[in-house]
Amino acid sequence: MANRTISQSHNRSISHEQRTQMTPTNSPILELRNVTTLFPTRRGAVRAVDAANLALYPGQILGLVGESGCGKSTVLLSILGLIARPGRIDSGEILFAGRDLSKLPDSELRKIRGKEIAMVFQDPQSTLNPVFPVGEQIRESLRLHNMIGGGRSWPFDRARTTQERKRVLEVMAEVGIPAPEARYRAYPHQFSGGMQQRALIAIGLACNPKVLLADEPTTALDVTIQAQIVALMRRINREHGTAIILVTHDLGLAAEFCDHIAVMYAGRIVEIGRTDDVIERPQHPYTTGLLRCIPDIGVRRPIEPITGNVPDLAELPAGCAFAPRCPVARPVCSQGFFRLLPVSGEQADAAAQRSGEVHMARCLRLTGYRLPASEAPTNGAAP
């Protein structure tokens with residue numbers, strides 16, 4: 001099975017001792033509580049993120065996995081308050097350092113973006129400014145957040161500029177950009193795709209953030225460069241203790257890199273838990289389908305794609321959104337929404353559910369296809 005191959009790769013990459021060290025034992029550094037993000041349209045409100053609950057702990061790496069259009073990137077944009085209007089965070093809390101980011105004004109959010117929480121965007125060619133040298137774009141975050149104080153205002157403080165440039169060269173070297181002195185004045189078009197991605201990571205790391213949001217950082221890169229970028233982020237996590245949320249389509253990459261995984265479908269988290277649990281014992285049919293799409297080198301078998309397409313978020317089916325594509329769906333699956341259920345059958349408090357320490361899935365197979373008594377049929381938001 002493909003999940004056996006992925007699990008073996010995960011075990012080779014992360015030792016038992018390392019996984020134990022990554023187990024959350026303290027307070028989360030970032031927490032999402034029932035976050036719902038809406039985009040009003042002529043066809044009605046579209047819930048791009050529907051009642052998401054997540055917790056990220058210091059030094060933890062959390063993977064968000066799913067097909068395109070499942071709401072993964074929107075979760076990251078919601079955290080940083082970058083949802084384009086008329087979209088909005090309709091409800092819920094995004095807690096960071098005791099503050100609800102969803103309630104902060106833009107002036108306060110700008111003090112956090114790039115300094116406390118940084119983001120590596122998906123496409124470096126559309127993110128980097130083509131008319132400014134790469135080194136100056138990295139230095140911009142240092143200047144905006146006043147990371148290196150000076151006696152005179154920018155750009156007249158030459159000592160401050162020199163210190164900022166020194167810091168930029170250090171970060172460029174840390175992310176593996178060769179000859180930083182020469183590359184400082186180079187423009188984005190003079191960098192290869194892998195070097196552009198390293199430049200984006202350097203921008204994110206310049207202010208030593210506590211949280212790094214990586215939105216598919218290995219997309220459009222060849223396999224060798226992908227491995228280098230993943231190794232770089234892993235080293236950043238270990239050396240700086242930076243907590244990371246990784247958005248990816250690649251379940252194999254998430255299994256190798258992340259210690260917890262949340263699987264998203266149609267804006268909802270349908271399964272969450274430790275990586276070993278999700279990969280070795282998937283409980284939601286969607287997670288199983290994603291695993292079956294991955295080739296297994298050791299077994300000759302046809303790849304089994306998931307039939308159908310991701311549903312239109314403006315016209316979601318009643319009940320489980322995956323039911324029309326699910327090979328094990330029953331009529332009860334379309335009778336109202338139901339919450340995430342613990343795989344073990346034991347009750348878990350909200351904090352344990354958000355942390356991913358308790359393996360949970362949004363599937364009625366866990367109850368023998370019996371709709372929980374507390375889940376009345378409704379067309380409202382998923383709990």
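I take contact to mean heavy atoms within 4.5 Å, and with that in hand I looked up A202, which touches I138, V171 and V175 when residues up to four places away in sequence are not counted. The model I am reading is predicted, so I note that local features need pLDDT of at least 70, that side-chain atom pairs count only at pLDDT 80 or more, and that totals for chains, interfaces and linings use all residues. Residues are numbered from 1 along each chain as its sequence is written, and side-chain values use heavy atoms, with hydrogens and water left out.

**Entry on A202.** I found A202 in helix α9, where helices (H or I, at least four residues) and strands (E, at least two) are DSSP runs numbered from the N terminus. A202 has a relative accessible area of 0% and is therefore buried; buried means under 20% relative accessible area, exposed over 50%, and partly exposed in between, with a 1.4 Å probe and protein chains only. I also noted that A202 and V168 stand 34 residues apart in sequence, while their C-alpha atoms are 8.1 Å apart in space.

**Entry on H359.** I placed H359 in the loop between α14 (350-355) and β12 (360-361), and at 10% relative accessibility H359 counts as buried. The side chains of H359 and E271 are joined by a polar contact of 2.6 Å, the term being used for a pair of N or O atoms within 3.5 Å, of which, within protein, one must be able to donate a hydrogen and the other to accept it, while residues adjacent in sequence count only if both atoms are side-chain atoms. Leaving aside neighbours within four places in sequence, I listed the contacts of H359, among them E271, D277, R281 and L341.

**Entry on helix α13.** I looked up α13 (residues 285-292) and found that 7 of its 8 residues are buried, so this helix is largely enclosed by the rest of the structure. The buried residues of α13 include P285, Y286 and L291.

**Entry on the cysteines.** How many disulfides does a search of the whole structure find? I recorded 0 disulfides for the whole structure, a disulfide being a pair of cysteine sulfur atoms within 2.5 Å. C326 is in no disulfide, and the nearest cysteine sulfur, that of C363, is 6.3 Å away. I noted too that C326 is buried, with a relative accessible area of 17%, and that C258, at 0% relative accessibility, also counts as buried.
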